[in-house]
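Subject: Structure for your review

Dear colleague,

Please find below the structure that I am handing over to you. My findings follow it.

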Amino acid sequence: MTGRERHRLRVPDWARFWRRWPRRRRFAALGAFLLLLALAFAFGGGTRETWPRQDVLDAIRFVESGDREVVPDGDGGLAIGPYQIHRVYWQDAVEFEPELGGDYQDCRQRAYAERVIDAYMRRWVPGAWRAGDAEVIARVHNGGPRGDSPAAPRRYGQKVRARLP
């Protein structure tokens, strides 16, 4: 066996297959592969982080009350309405946005409760609220102003994300 023949034996099979193709076809195949790779990263390579606000609110409402019309009070009577809002949460929202007006018992109404959540989120996590960062919004809704910290439990946020489209 000559040196040249030994060298050919060490070339991997895929390289021999690749070398058989004309140069033009090799570049076309490489270009197609790179295009598919770029599309995968751009459109399907990661997990979704943001959603429209109404989708996030719908998911929170489902986790909190099963999306029922008549919702029993939660946390031993301390949380009310379809979003299970506590009095201190409502007070925070009204303090931030006095135009909300109303009474704590109004949180039993879905539309008013959503306005309370809007004010609360604009106060404590305005960037996440603007962007629609579902996990941060859910964790702050459930855990208060510090609910978005890395140390806060993530289980509630994951429950809400599981309900999102």
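How many helices and how many strands does the protein chain have? The model, which is predicted, has nine helices and two strands in its protein chain. Along the sequence, these elements follow the pattern α-α-α-α-β-β-α-α-α-α-α.

**Overall figures**

The protein chain has 165 residues, and 32% of them count as buried. Its accessible surface comes to about 11,000 Å², with 55% belonging to carbon and sulfur atoms. Among contacts with a separation of 6 or more, 49% are between residues 24 or more positions apart.

**The nonpolar core**

In soluble globular proteins, nonpolar side chains tend to be buried together. In this model, the largest nonpolar core has 32 residues. Those with the most contacts inside this core are Ile85, Cys107, Val116, Ile117 and Met121. Two or more core residues come from each of helix H4 (53-65), helix H5 (87-96), helix H6 (110-124), helix H7 (126-131), helix H8 (134-143) and helix H9 (155-163). Helix H6 gives the largest share, seven residues.

Beyond residues up to four places away in sequence, Val116 touches Ile85, Tyr89, Trp90, Ala93, Leu100 and Cys107.

**The loop between the strands**

Is Gln84 buried or exposed? Gln84 lies in the loop between strand S1 (79-80) and strand S2 (85-86). This residue counts as buried because its relative accessible area is 11%, under the 20% cut-off. The side chain of Gln84 reaches the backbone oxygen of Gly81 at 2.8 Å. With neighbours within four places in sequence left aside, Gln84 is in contact with Glu64, Val71, Pro72, Asp73, Gly74 and Ala79.

**A nonpolar patch on the surface**

Which residues form a nonpolar patch on the surface? The patch consists of Phe27, Leu30, Phe33, Leu34 and Leu37, which together have about 510 Å² of accessible area. Phe27 is placed in helix H3 (residues 23-44). With a relative accessible area of 57%, Phe27 is over the 50% cut-off and therefore counts as exposed.

In short, the points I would draw to your attention are the core of 32 residues, the buried Gln84 and the nonpolar surface patch that includes Phe27.

With kind regards

Note on methods: Residues are numbered from 1 along each chain as its sequence is written. This is a predicted model: local features need pLDDT of at least 70, side-chain atom pairs count only at pLDDT 80 or more; totals for chains, interfaces and linings use all residues. Side-chain values use heavy atoms; hydrogens and water are left out. Patches are made of residues with over 30% relative accessible area and no salt bridge: like charges are joined within 9 Å, nonpolar side chains (Val, Leu, Ile, Met, Phe, Trp, Tyr) within 5 Å. Accessible areas come from the Shrake-Rupley method with a 1.4 Å probe; for residues, only the protein chains shown count as cover. A salt bridge is a side-chain nitrogen of Lys or Arg within 4 Å of a carboxyl oxygen of Asp or Glu. Helices (H or I, at least four residues) and strands (E, at least two) are DSSP runs, numbered from the N terminus. Buried means under 20% relative accessible area, exposed over 50%, partly exposed in between (1.4 Å probe, protein chains only). A nonpolar core is a set of buried Ala, Val, Leu, Ile, Met, Phe, Trp, Tyr and Cys residues joined through side-chain atoms within 4.5 Å. Contact means heavy atoms within 4.5 Å. A polar contact is a pair of N or O atoms within 3.5 Å; within protein, one must be able to donate a hydrogen and the other to accept it, and residues adjacent in sequence count only if both atoms are side-chain atoms.
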